[in-house]
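User: I am new to reading structures, and I would like to be taken through this one feature by feature. Could you give the idea behind each feature and then show me the case here?

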Amino acid sequence: MTHKEAERCIPSFFDESIENLELAEFLEHIDSCPDCKEELTIQFLVGRGLQSLSMGDEFNLAGELDKKLLKAHARLNRLYRLERFSWILRAIVVAETVALFMLTLRILF
């Protein structure tokens, strides 16, 4: 993912409408690019900070952004675990199908 692509993903990251594949690429880029991480932080601080000030809330913006990033990583980790589990289930179905086929051949011959 390029810097411009990452920058364009920031709003959809904040409103959690970013798709899983794009989220994975975005987080990988943000984790490895200090400039884009800084841009993400600035946009979060400005947007969330103004919202909190207007509502009179107390806030810890750095902590909120860290939680948002951890939540996104957790979302991807769940997705990866589900994907691995689905591959295991597929392998079991294939093994069962082969075993059934072999059993059928034994009965027929």
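Analyst: Gladly, and please keep in mind from the start that this is a predicted model.

User: Which helix gives the most to the negative patch?

Analyst: That is helix 2, spanning residues 20–32, which contributes four residues to the patch. Glu22 is found in helix 2, and with a relative accessible area of 34% this residue is partly exposed. A patch takes residues with over 30% relative accessible area, so the 34% of Glu22 passes that cut-off.

User: Which residues form the nonpolar patch on the surface?

Analyst: For nonpolar side chains the joining distance is within 5 Å. Here the patch consists of Val94, Val98, Phe101, Met102, Leu105, Leu108 and Phe109, and their accessible area together is about 780 Å². One of them, Phe101, has its place in helix 4, which covers residues 61–108.

User: How many helices and strands does the protein chain have?

Analyst: The protein chain has four helices and zero strands, and reading along the sequence gives the pattern α-α-α-α. As for burial, 23% of the 109 residues of the protein chain count as buried.

User: How should I read the cysteines, and how many disulfides does the count come to?

Analyst: A disulfide calls for two cysteine sulfur atoms within 2.5 Å of each other, and by this rule the count here is zero. Take Cys33, whose sulfur has its closest cysteine sulfur in Cys36 at 3.6 Å, which is too far for a bond. Cys33 is also buried, its relative accessible area being 7%, and Cys9 counts as buried too, at 3% relative accessibility.

User: Why can charged side chains pair, as a general idea?

Analyst: Side chains that carry opposite charges can pair when their charged atoms come close. A search of the whole structure finds two salt bridges. In one of them the side chains of Glu16 and Lys68 meet, with 3.3 Å from N to O. This pair links distant parts of the chain, since Glu16 is in the loop between helix 1 (3–14) and helix 2 while Lys68 is in helix 4, and the two are 52 residues apart.

User: Are Glu16 and Lys68 buried or exposed, or partly exposed?

Analyst: The two partners have to be taken one at a time: Glu16 is partly exposed, with a relative accessible area of 42%, whereas Lys68 is buried, with a relative accessible area of 17%. The cut-off for buried is under 20%, so the 17% of Lys68 falls on the buried side.

User: What are the partners in the salt bridge with Lys71, and how far apart are the closest N and O atoms?

Analyst: Glu16 forms a salt bridge with Lys71 as well, and there the closest N and O atoms are 3.2 Å apart. Because a salt bridge is counted when nitrogen and oxygen are within 4 Å, the distance of 3.2 Å qualifies. Through shared partners, the salt bridges join Glu16, Lys68 and Lys71 into one network.

User: What is phi of Glu16 near?

Analyst: Phi of Glu16 is near 60°, which is a positive value in a residue other than glycine.

Technical notes
Residues numbered from 1 in each chain as written. Predicted model: local features only at pLDDT ≥ 70, side-chain atom pairs only at ≥ 80, totals over all residues. Heavy atoms only, no water. Buried < 20%, exposed > 50% of the residue type's maximum accessible area, 1.4 Å probe, protein only. Patch = residues over 30% accessible without salt bridge, like charges linked within 9 Å, V, L, I, M, F, W, Y side chains within 5 Å. Areas by Shrake-Rupley, 256 points an atom, 1.4 Å probe, with all protein chains shown as cover.
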